[in-house]
Amino acid sequence: RWLLRDIDLSVHAGETVALVGPSGSGKTLVLRALARLDPHDAGTVLWRGAPVADDGGDIPAHRARVHLVTQRPAALGAIAEDALRRPFALAVHARAGRRYDGDAARRQLAQFGRDAALLARPSRDLSGGERQLLCLLRALLVEPSVLLLDEPTAALDPDTAGAVEAALRAWRDAAPSRALVWVSHDPAQRRRVADRVVALRDGRPDAAASSAA
């Protein structure tokens, strides 16, 4: 049984693409495929026109520039700030000269409308929304070119969700090479953030429901 079929998606620099569709339509699978987190039985993922190879250093390098933020945050460490430091221990970031910048983390957290004291709190005491914010913050700090967002504001209150939308828009617009692929079940949010809507149904494109935003 094929989980995805006939997917032909291009994401252009400077745009936000919204992925929509009913539960089980394949939205998360498409994000995982774009990040090369799952093996492909057919098809190719291209980065700037060149295929992302299955061997060598292509996959770690690809995941560093095309970063997936999952709907359910992964383990964060003893305190919240540990989650932000962890990616910089990976060789792909060390080779690129990336280092954890606590000041940048605090500035970005302020854009989300949260106090820097959050970073010193034990991870076990964080709410689902706070964990989601930390995962977004971690993704921004590693400086990818593309963010793949799986319901990134689902656990947030409306005010914080609005602050996150504004911060992600500012992040995208700060460099011409950046782009967002955003899964959202909220039609109002899609109208606010997306340049284009790509709809899926049963693992295939749903052309009738796809549109420019």
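Leaving aside its neighbours within four places in sequence, which residues is Arg192 in contact with? Select Arg192 and look around it. Arg192 touches Glu165, Arg169 and Asp186 (contact means heavy atoms within 4.5 Å).

Before moving on, note that this is a predicted model: local features need pLDDT of at least 70, side-chain atom pairs count only at pLDDT 80 or more, and totals for chains, interfaces and linings use all residues. Residues are numbered from 1 along each chain as its sequence is written, and side-chain values use heavy atoms, leaving out hydrogens and water.

**Stop 1: around Arg192**

Show helix α8, residues 187-193; Arg192 lies in it. Helices here are DSSP runs of H or I with at least four residues, strands are runs of E with at least two, and both are numbered from the N terminus. Arg192 has a relative accessible area of 45%, so it is partly exposed. The cut-offs are these: buried is under 20% relative accessible area, exposed is over 50%, and partly exposed is in between, with a 1.4 Å probe and protein chains only. Arg192 and Leu180 are 12 residues apart in sequence and 13 Å apart in space, C-alpha to C-alpha.

**Stop 2: two helices**

Select α5 (residues 102-111) and α6 (residues 128-141). They pack at about 130°, with axes 10 Å apart. Axes are lines fitted to C-alpha atoms, for helices over the stretch in contact, and angles run from 0 to 180 degrees between N-to-C directions. The pair is therefore oblique: angles under 35 degrees count as roughly parallel, over 145 as roughly antiparallel, 65 to 115 as roughly perpendicular, and the rest as oblique.

Show the side chains. Ala104, Ala105, Gln108 and Leu109 of α5 meet Leu137, Leu140 and Leu141 of α6. Of these contact residues, six are nonpolar, one is polar and none is charged. Ala, Val, Leu, Ile, Met, Phe, Trp, Tyr, Cys and Pro count as nonpolar; Asp, Glu, Lys and Arg as charged; the others, Gly among them, as polar.

Next, pick Ser127, in the loop between α5 and α6. Ser127 is partly exposed, at 37% relative accessible area.

**Stop 3: the core**

Which residues touch the most other members of the largest nonpolar core? Select Phe112, Leu137, Leu147 and Leu168, out of 39 residues. Such a core is a set of buried Ala, Val, Leu, Ile, Met, Phe, Trp, Tyr and Cys residues joined through side-chain atoms within 4.5 Å. Helix α6 gives the largest share, eight residues.
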